[in-house]
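Biologist: I'm new to reading models like this one. Could we go through some labels together?

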Amino acid sequence: MAVVITLALCIYQRMTGPTYPKRVTVELSGERYKIKLPRSGVRHDEAVVLKGVPQGVKSQLHFRRYPTADAYTTVDFSFTDGAWQASLPVQPVAGKLQYYITVGGQDYSADDPVVIRFRNDVPAGILVPHILLMFAAMLLAVYTFLLVVTGKPYSSWLKATAATLFVGGFIFGPLVQHSAFGPWWTGFPYGTDLTDNKTLLSFLFFMVALATLKWKHNRWVVALAVLFMIVVFSIPHSAYGSEYDYANQQLSTEK
């Protein structure tokens, strides 16, 4: 049960996060084509691909720097390797572009343009342990909660949860942040990155749960810590993170 709950939470967070591709359905002559528009790019030109859209359909990509009042730049898609492709120009680290597409004379996402953020590539030796440890921390927390509500011993699992969360969030987390964007920490008191802040708050709740381990009502504290963790980790990943300030030409961690 803990595995199922944890997988559901991870899938929800992934699909609602600001880095998950935006899905757009293009309609042409009664046919529908499902397109994925990228919202996260590594430090190179990012390709936007209209898979399945037939050759001969004129398509355009419109983009501008975000957040700015720049006029949109428009480029035509070219039919390459069996699909329509156009590129978004690489931006500085944490730089963002706002864009939408036109296919067959119809605009898509023009009213709610897609925002893509660029980052450095993160080595797998840092990123993979971070993801696995954060997944493990959530799994252990949910399992601890199930032990609490079923009246079984849970103290060792609570300690394992806190330790895993610390290593994943405060050792590998800053390493990932530094590799991707430069800063080591962009949460309180230095910035407003929700990923860093929710990790900090969740860890503090578990510290309180550990500090009150011998209290007769500790079960309620543990249950509250786990429920708080589930709630804050449901907040989309990478929201309110680092952003390049085009006006001042510098990285900003404040929103």
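Modeller: Buried means under 20% relative accessible area, exposed means over 50%, and partly exposed is in between (1.4 Å probe, protein chains only). This is a predicted model, in which local features need pLDDT of at least 70 and side-chain atom pairs count only at pLDDT 80 or more, while totals for chains, interfaces and linings use all residues. Residues are numbered from 1 along each chain as its sequence is written, and side-chain values use heavy atoms, leaving out hydrogens and water.

Biologist: Why is F170 called partly exposed?

Modeller: F170 has a relative accessible area of 21%.

Biologist: What makes F170 and W185 a stacked pair?

Modeller: Rings of Phe, Tyr and Trp (its six-membered ring) pair if their centres lie within 6.5 Å; planes under 30 degrees apart count as stacked, over 60 as edge-to-face and the rest as tilted. Here the centres are 5.8 Å apart and the planes are at 20°, so the pair is stacked. F170 and W185 also belong to one aromatic cluster with F166 and F203.

Biologist: And what makes F205 and F228 stacked?

Modeller: Their rings are 4.0 Å apart, centre to centre, with 10° between the planes. Both values fall inside the limits for a stacked pair.

Biologist: How do you know that the charged end of K198 sits over the ring of F233?

Modeller: The rule wants NZ of Lys or CZ of Arg within 6 Å of the ring centre and within 35 degrees of the ring normal. The charged end of K198 is 5.5 Å from the centre of the F233 ring, and it counts as sitting over that ring.
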